[in-house]
Amino acid sequence: MTEQERIEWPHALSRQSWRYLPEDTEPTNKKREASKKEDDEEDAKKKPKVAEKSEEETPTMFLKGLVDKEGSPVTEASLKGKIVLLYFSSSWCPGCVTFTPMLSVLFEEVEDENFAVIYVSSDDTAEQCQEYYQKKHADWFCLPFDDVQQRSELKKRYGVFAGKEQEHFPDTTRKSGIPTLVVVDREGASLELLDCDDPKVHKEIQFKGTDFLKQWESHRWE
């Protein structure tokens with residue numbers, strides 16, 4: 001063997017040994033990775049599976065940004081277990097001026113506090129909305145006047161708005177004007193719609209008292 005062959009021989013042998021490596025043989029680090037993966041899969045099988053709740057099982061409140069009379073945010077927990085009513089009204093509406101005190105008295109007389117009323121304003125300005133809400137409404141919640149998009153979406157969704165607002169909803173059929181109460185579930189489905197400008201509703205309230213609100217017991221938010 002020449003001197004050159006003696007120098008190249010170890011390298012040639014090394015290349016040859018890898019060339020003839022059996023097909024089922026892998027480098028050590030790959031074997032370790034495969035083994036670890038198998039161990040992880042076995043551990044996963046042994047662990048008890050936790051059922052993930054679907055969106056239907058954990059519904060999200062469709063109303064956002066509600067506030068109370070202190071200006072504090074209203075959480076979803078504040079509405080849980082309650083019958084939720086959207087109150088479409090305004091300070092300039094004669095029918096609203098008549099009905100709002102009636103609703104406020106009923107709300108305050110309900111002892112179990114299982115009702116939540118949410119004021120959806122049709123006032124002309126934020127100042128009108130705030131003054132009317134603070135001075136004439138009972139201790140319920142309000143959708144901020146500045147949230148024009150959400151107020152408009154609710155009016156369009158339920159077809160409830162003042163006659164002069166019709167121009168803002170040209171493609172929406174108006175089901176009721178103001179004042180109107182809409183009983184909703186937590187996904188926003190309309191369960192009951194009540195035209196509170198109807199004299200028959202006023203007589204029903206006078207006759208039933210707090211039972212007028214309790215007729216919707218089955219509509220509590222779970």
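**Start in the core**

The largest nonpolar core takes in 52 residues, and L86 and Y87 are the ones with the most contacts inside it. Keep in mind as you click around that this is a predicted model.

Select L86 and bring up its surroundings. Leaving out residues up to four places away in sequence, L86 touches L63, I118, V120, L154, Y158, T180, L181, V182 and V184. For background, nonpolar side chains tend to be buried together in soluble globular proteins.

**Over to strand β2**

Next, pick V117, which sits in strand β2, residues 115–121. Is V117 buried or exposed? With a relative accessibility of 3%, V117 counts as buried, because the cut-off for that is under 20%.

**Finish with a helix pair**

Colour helix α3 (residues 94–109) and helix α6 (residues 199–208). How are these two arranged? They pack at an angle of about 25 degrees, with axes 12 Å apart, which makes α3 roughly parallel to α6. The crossing of α3 past α6 is left-handed.

Show side chains where they meet: α3 brings T98, F99, M102 and L106, while α6 brings V201, H202 and I205. By type, this contact has 5 nonpolar residues, 2 polar and no charged.

Terms used:
Residues are numbered from 1 along each chain as its sequence is written. This is a predicted model: local features need pLDDT of at least 70, side-chain atom pairs count only at pLDDT 80 or more; totals for chains, interfaces and linings use all residues. Side-chain values use heavy atoms; hydrogens and water are left out. Axes are lines fitted to C-alpha atoms, for helices over the stretch in contact, and angles run from 0 to 180 degrees between N-to-C directions. Helices (H or I, at least four residues) and strands (E, at least two) are DSSP runs, numbered from the N terminus. Angles under 35 degrees count as roughly parallel, over 145 as roughly antiparallel, 65 to 115 as roughly perpendicular and the rest as oblique. A crossing is left-handed if the near helix is turned anticlockwise from the far one by less than a right angle, and right-handed if clockwise. Contact means heavy atoms within 4.5 Å. Ala, Val, Leu, Ile, Met, Phe, Trp, Tyr, Cys and Pro count as nonpolar, Asp, Glu, Lys and Arg as charged, and the others, Gly among them, as polar. A nonpolar core is a set of buried Ala, Val, Leu, Ile, Met, Phe, Trp, Tyr and Cys residues joined through side-chain atoms within 4.5 Å. Buried means under 20% relative accessible area, exposed over 50%, partly exposed in between (1.4 Å probe, protein chains only).
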